[in-house]
Structure formats: structure tokens, C-alpha cells
Amino acid sequence: MTPDTLIASATIAVPILLTLRYVYLCYARPFREHARCKGTGRIPYLFGRGWRFCPRCNGTGLRLRIGRRLWNRTRRLYRDGTH
């Protein structure tokens, strides 16, 4: 194997491996930590010492991954189309 073919095969293999890793993450762990509240589900008030529930994640601290949303939408379209 020449160095040129080794580099070419690596440039093809790395994006494929990263994509497969993300697909596995969407399957195994469909929820990720919400960025705004950092997974706590609470946001501090601007003034004062209190906190409130995060309105974007409804206080759970979790958000559905984009890939999992696409997978769910595709499954729903297929299911509705076959009925």
C-alpha cells in the first residue's frame, strides 16, 4: 500500500466511522444534555437568588438529539404511509 492510497482510504474511513458513531449514539442515548440549563432543568433568575424551570426542556434538562428527531419523523412518515 502506497502512502497516497493509505491517506485516501483514511479520509474516506474517518467520516464513515464518525457517522456510524453518531447513529449509534442516537439509538443508544437519544437524549442529550440541554445546553441552556446545562442539564439541570433550572435557570437562575437574572435578579435575585431564585431559580425557575427551563422553559425549553420543561425542567427535565434533556433534549432529543437532531438525528433521533429525524429518525422518529422518518418512522412516523413510513408508518402513516403504509396504513
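A residue counts as buried when its relative accessible area is under 20%, as exposed when that area is over 50%, and as partly exposed in between. In this predicted model, Phe53 has a relative accessible area of 56% and is therefore exposed. Trp51, with a relative accessible area of 40%, is partly exposed.

These two residues also meet each other. The structure holds one aromatic pair. The ring centres of Trp51 and Phe53 lie 5.2 Å apart and the ring planes stand at 80°, so the pair is edge-to-face; the cut-off for that class is an angle over 60 degrees. Trp51 has a charged neighbour as well: Arg42 lies over the face of its ring, at 4.3 Å from the ring centre.

Arg68 is buried but forms no salt bridge, and the nearest side chain of opposite charge, that of Asp80, is 16 Å away. What does the side chain of Arg68 reach at 3.2 Å? It reaches the backbone oxygen of Cys26. Apart from neighbours within four places in sequence, Arg68 is in contact with Cys26, Tyr27, Pro30 and Arg75.

Asp80 itself takes part in a salt bridge, with the side chain of Arg79 as its partner and a distance of 3.8 Å from N to O. The count of salt bridges in the structure comes to one. Both partners fall in the middle class of accessibility: Arg79 is partly exposed because its relative accessible area is 42%, and Asp80 is partly exposed because its relative accessibility is 48%.

Definitions and conventions:
Residues numbered from 1 in each chain as written. Predicted model: local features only at pLDDT ≥ 70, side-chain atom pairs only at ≥ 80, totals over all residues. Heavy atoms only, no water. Buried < 20%, exposed > 50% of the residue type's maximum accessible area, 1.4 Å probe, protein only. Lys, Arg positive; Asp, Glu negative; His and termini not counted. Salt bridge = Lys/Arg side-chain N within 4 Å of Asp/Glu carboxyl O. Polar contact = N/O pair within 3.5 Å; in protein donor to acceptor, adjacent residues only side chain to side chain. Contact = heavy atoms within 4.5 Å. Phe/Tyr/Trp six-rings, centres within 6.5 Å; stacked < 30°, edge-to-face > 60°. Lys NZ or Arg CZ within 6 Å of the ring centre and 35° of its normal.
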